[in-house]
Amino acid sequence: NPRFELAFADYLIAAGRNADAASRLQAHVGSGKASAAAVIRLAQLQRAQGQVDEALKTLEGSSDPGAQQSRIDLLVQLRRTDEARAIAEAQLATGRTLPALMQAAFIEEQAFSASNDRQFLDRSIALLDEAVAANPENSRARYTRARLQLRKPDVSIESVIQDVRQVVQQD
């Protein structure tokens, strides 16, 4: 029972028996019957045990969007933004969904923070422009776009004010 395996692994983790939990989850994931939550939990345990490459392989083996999100997040944490960007671009190629646009914008923002290269900032803002155009009610996209625009020396304060007003009015 997939729900039992995940619940029991959580019980083992709570009891401080991470190795036992990882072993059970590894067997469960290997059976092909595991939920995305079990795959993600196993990768989290592997990461906590310093097995970063194993965690990435575990996540790579799942086509679940949540597992791929976790994989991208881990790659960004490891400052492997080129690999994260390649995954995000593949996701965007299959559909320019709001979550895919937001994730791609986050990767570009992280690349900008690490390098201070303006092209990454511009790409992040362009992705957020697309996200806001697709879903004008999305306050997270508007807020993030406003925050990033303030990092540009040639920003139009009026456009930032407009985004912030929209966010405040929605909340």
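Predicted model: local features only at pLDDT ≥ 70, side-chain atom pairs only at ≥ 80, totals over all residues.
1. Residues are numbered from 1 along each chain as its sequence is written, and side-chain values use heavy atoms, with hydrogens and water left out.

2. On the overall fold, the chain has 10 helices and 0 strands. Both are DSSP runs numbered from the N terminus (helices are H or I, at least four residues; strands are E, at least two). The C-alpha atoms fill a box of roughly 55 × 35 × 30 Å, taken along the principal axes.

3. Now the surface. The chain's accessible surface comes to about 9,500 Å², and 50% of that belongs to carbon and sulfur atoms. Areas come from the Shrake-Rupley method with a 1.4 Å probe; for residues, only the protein chains shown count as cover. Of the 171 residues in the chain, 38% are buried (buried is under 20% relative accessible area, exposed over 50%, partly exposed in between; 1.4 Å probe, protein chains only).

4. Helix α9 (residues 139–149) deserves a look: 8 of its 11 residues are buried, so the helix is largely enclosed by the rest of the structure.

5. What caps the N-terminal end of α9? It's N138, with a side-chain oxygen 3.1 Å from the backbone nitrogen of R140.

6. Together with I157 and I161, L150 forms a nonpolar surface patch with about 250 Å² of accessible area. Patch members have over 30% relative accessible area and no salt bridge; like charges are joined within 9 Å, nonpolar side chains (Val, Leu, Ile, Met, Phe, Trp, Tyr) within 5 Å. A salt bridge here is a side-chain nitrogen of Lys or Arg within 4 Å of a carboxyl oxygen of Asp or Glu.

7. Over in helix α1 (residues 2–14) you'll find E5, which counts as buried at 16% relative accessibility. Leaving out residues up to four places away in sequence, E5 touches R24, L25 and H28. The side chains of E5 and R24 are joined by a polar contact of 3.1 Å (a pair of N or O atoms within 3.5 Å; within protein, one must be able to donate a hydrogen and the other to accept it, and residues adjacent in sequence count only if both atoms are side-chain atoms).

Notes. Contact = heavy atoms within 4.5 Å.
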